[in-house]
Amino acid sequence: MELVYMTAHELHRMLSAREISAEELCRAALDRIEKLDGRLGAFITVTGDLALDQARAVDRRIASGEEIPPLAGIPVAVKDVICTEGIPTTCGSRILSGFVPPYSATVIEKILARGMVMVGKTNMDEFAMGSSTENSGFFPASNPWDTDRVPGGSSGGSAVAVAAGQAVVALGSDTGGSIRQPASMCGVVGMKPTYGAVSRYGLVAYASSLDQIGPISRDVADCALVLNAISGHDPLDSTSAPGDRPDYTGFLNREIKGIKIGVPGEYMGEGIDPGVREVIGGALKVLSSLGAEIEEVSLPHSKYAIPAYYLIATAEASSNLARYDGVSYGYRVEDPKDVVDMYSRTRSRGFGTEVKRRIMLGTYALSAGYYDAYYLKALKVRTLIKQDFDRAFEKFDVLICPASPTTAFRKGEKMDDPLQMYLSDITTISVNLAGIPGISVPAGFSGGLPVGMQIMGRPFAEGTLLQVAHAFERSTDHHKKFPEL
Amino acid sequence: MARYETVIGLEVHVELKTGTKIFCPSSTAFGGDPNTHVCPVCLGLPGVLPVFNKKVLEYAIRVGLALNCKIAGFSKFDRKNYYYPDLPKNYQISQYDLPLAEHGHLNIDIDGQVKRIGITRVHMEEDAGKLVHQGSTGVASYSLVDYNRTGVPLVEIVSEPDIRSPEEARAYLEKLKAIIQYTGVSDCKMEEGSLRCDANISLRPAGSDKLGTKTEIKNMNSFKALQRALQYEVERQTEILEEGGQVVQETRTWDEARGVTLSMRSKEQAHDYRYFPDPDLVPLVIDRRWVEEIRAGLPELPDQRKARYVKEYGIPEYDASVITASKDLADYFEQCLEGYSNAKAVSNWVMGDLSRLLNAHDIDIARCRIRPAQLTGMLKMMDGGTISGKIAKMVFEEMFETGKDPEQIVKEKGLVQISDEGAIASVVDEVLAANPKVADDFRSGKEKALGFLVGQVMKATRGKANPEMVNRIIRERLR
Amino acid sequence: MITIAEVEHVALLSRLDLSDEEKRMYAEQLGAILEYAGMLDELDTGNIPPTAHVLPLNNVFREDREGEHLPLEKAMQNAPDREGNFFKVPRIV
């Protein structure tokens, strides 16, 4: 099998046994980027020289007889919304083109401390606003299973990089489904951890109360390894959950007999593509055959999640994105006649259409006279949505539904209708509103395109998600299929 | 009686003297090179997050308690959204609907009466950076931004509209400054910007309870400026109302040089701050026991101290309020009394020559060169008859100039009082011989003539003769 | 449902300089989204508390201890314009 399609845990064994070197592995990934990225558009910045330096450092450790940690030497791609000291971080936006952070995000410090090899910064919808990676300020990314189709978004570049063998694992960020939905569309594993499980320090904010960083990988075991690496309390993030995290690999290889699975009717009916429904139905049969108890459940406020989300997320975004003003970093329009002119023209030219649309919507929702009707109302509906999940988890260990209502759609298909685009997050968004964890795992194919199954759990029950996901993965081989490129 | 009643409310910002900023570990030290006391957080770089400095909460609670406020059990931070180049995130982290402290008051002395001024709220927020405008006066051609002050912790103290005159406004601000200085959480230096004051002022027909249209006055950088600006505004608004016009609700800036307030014609940017809870910060649940500990640890405040001075030292109430109005001055006063028991004498010197010289040189007591032990050393020399009161004034000025010990000054300048009976008598004889007519006047009952003769003796001895002895000897000689 | 004047007001608050075409587009799209959001009015939320934070956390503090400052050159490395140690901006009024 090709090096680039192996998993981190397999590669770790080979590196430790000196069957391959980290440099060799790194070059394989860089070659793959070189060869394919013109078509796929997964990377905004490739950090080849830095990656080779990091790989050689790992090789020296191996040569000196050191026992390397599980992810040392593993090529990782990082969504370009996570700050990397000395390496451009654009958030997929022209307003930050050329911006080089003087500091690194906590997750970057963590993965580098474990010897991971960063091959580049991945393409995304501008400021993580989008579901197709078509809203990138630079170029759209393409789905490796069908390059006429979108890879999903906003972490499209990260999902593509893993699916196409340009990196072994990747980091994405998920505010309304931005890890799970592209993972689903690209046939890889993607997890949004519980809000507060992973530090947000250095993650450029879209909607602060919803954003989380999470892993994208080829299989569930790799997902557990990356989660081990990035999660943990961070004193630099006031919303970081205190206390230690478990060793998530401890949840792998466990039985799921007697596990109670709820299937929310609202996420299996109207609006869900029949082919997708069929794949998820088949996956539930597999889980049932493994001894899981499956029952339908209702999350009655589900249909309110999209409007609540778009009011809350855009309100926060309108404030979070105010700092891009041309004063001390980023793009500044030429020859501004005064400060107000500089602000307005810098922001109008620097931001893309979707970002401006969301800033406008969020500003409106917070403005005098509308705060109670829109923003406050949405926060109250958020409470109702959270309560739906609380009630469901009184009875069920996990909930399962599609990670996306459709398979990858064609490029351009939803670009002119923002509301239709927003509806493609219908099954993922409530998870962010409730702050709970969710994972998408490859569950089969519909029309030759991957379908992801989303497993949702109680806050900080990432272990249970991995347990169920891994049990499913052991009984299926969807994760072993790769796109022909 | 005036036809209009003045209604004033003050909004005061005070910088808290923590070592680091409110949401990041950068230094708050004043006067660093531009943009050197900064980190990614206070620069508002993409991706950074605030973490709240616990010391700020402790200090703000101290302020709230010292102002007799109720401290909230639950409080939170909100974002106040507006664009300005000194605000790197283009929002200020502040507190909106759940401030830390509310419903307080302080007392001011006005025309010998105590008046209570309500405090609406005390809340915490971050300071903005500094802008330096470049170019010709009037319209700057560009501006320079320094983020060193960005994120320095502030408390904003909002008064009720209980203030009725510019004098009361000044008294309120002076009292507020004194109280906060006593709590030790701020230097309250208006000239360095660690105490800043804006005022809302309106007029209404005497006897009405409806508030008139207010203006907001900014840029008053001293107590005197506050009083002058408000006085100007009272006159300006009175004139408008007298002429049957209407006051325009607006923000006006005080022009110190011209002595007028000017409209800040804001290119209307629609003030809509779009406050909402800051999702990067978690709520504050304030422990009652901690609040009580802070309350128990509050130092003696100006009103308490003043009462103690009157009772314990027997100094006049007026003197006590002047001395206690500045914590540094009151501390100085008490240090003097550590080695010297005549409080009245100390009070007289502090109120008199010391205050006069401090004012004349525009320095505050903290930088005064006369140490308390030197002042009392001088008083002891007076008490012991080594120097006269007149010489003491000279010695005092010299101490003020040079910081030398009084003993050294007296020695160096040969200012020891002449108390030698024979020496004084011989000078007296010389003076009497030179002024026979004046001597005769005194003999014939003109008491006034004595003053002249004593003066001549003092002059001849360059002020060093013991004045009591001079008096006595002249009387003896002319009996 | 949303007028051009409202779009202009919101654009001013957002510091966005929109073309006439953009104004028309956003008026239409925001109108549609807000109409869709109108479904929230179906819910009686009178007694429901708002959720601004999902994590039941409070009182997260740091101690008043000084950390490292950014070296000046790093603090200013992304400055679009500078003069000496200062960031430079065009005139304010």
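This tour moves through the model one selection at a time and states what is found at each stop.

The model is predicted: local features require pLDDT of at least 70, side-chain atom pairs count only at pLDDT 80 or more, and totals for chains, interfaces and linings use all residues. Residues are numbered from 1 along each chain as its sequence is written, chains are lettered from A and ligands numbered from 1 in the order in which they are written, and side-chain values use heavy atoms, with hydrogens and water left out.

**Chain B: domains**

Colour chain B by its domains: domain 1 (4-292), domain 2 (299-409) and domain 3 (421-477), with bounds taken from an automatic or database domain assignment. Between the C-alpha centres of domain 1 of chain B and domain 3 of chain B the distance is 63 Å.

**Aromatic pairs**

A pair of aromatic rings is described by the distance of the centres and the angle of the planes. Here, rings of Phe, Tyr and Trp (its six-membered ring) pair if their centres lie within 6.5 Å; planes under 30 degrees apart count as stacked, over 60 as edge-to-face and the rest as tilted. Over all chains, 30 aromatic pairs are counted by this rule. Select Tyr370(A) and Tyr374(A): their ring centres are 6.1 Å apart and their planes stand at 35°, so the pair is tilted. For accessibility, buried means under 20% relative accessible area, exposed over 50%, and partly exposed in between (1.4 Å probe, protein chains only). Tyr370(A), at 27%, is partly exposed, whereas Tyr374(A), at 13%, is buried.

Next select Tyr309(B) and Tyr313(B), a tilted aromatic pair with 5.3 Å centre to centre and 55° between the planes. Both belong to helix H5 (residues 302-313) of chain B and are 4 residues apart, about one turn of the helix. Helices (H or I, at least four residues) and strands (E, at least two) are DSSP runs, numbered from the N terminus. Tyr309(B) has a relative accessible area of 0% and is buried; Tyr313(B), at 24%, is partly exposed.

Display Phe99(A), Phe127(A), Tyr324(A), Tyr329(A) and Phe351(A), which ring pairs link into a cluster. Within this selection, Phe127(A) is buried at 1% relative accessibility, and its phi is near 50°, a positive value in a residue other than glycine. Phe127(A) lies in the loop between E3 and H5 of chain A.

The loop between strand E3 (117-122) and helix H5 (156-163) of chain A also holds Ser154(A). Zoom to the peptide bond joining Gly153(A) and Ser154(A): this bond is cis, with omega about 10°.

Move on to Asp335(A), in the loop between helix H9 (305-320) and helix H10 (339-350) of chain A. Asp335(A) is not a glycine, yet has a positive phi of about 50°; at 67% relative accessibility, Asp335(A) is exposed.

**Charges over rings**

A charge sits over a ring if NZ of Lys or CZ of Arg is within 6 Å of the ring centre and within 35 degrees of the ring normal. In chain B, Lys80(B) lies over the face of Tyr273(B), 4.4 Å from the ring centre.

**Chain C against chain A**

Finally, show chain C with chain A: 52 residues of chain C are in contact (heavy atoms within 4.5 Å) with 68 residues of chain A. The number of salt bridges between chain C and chain A is 3, each a side-chain nitrogen of Lys or Arg within 4 Å of a carboxyl oxygen of Asp or Glu. To end, select the salt bridge between the side chains of Lys74(C) and Glu85(A), at 2.3 Å, N to O.
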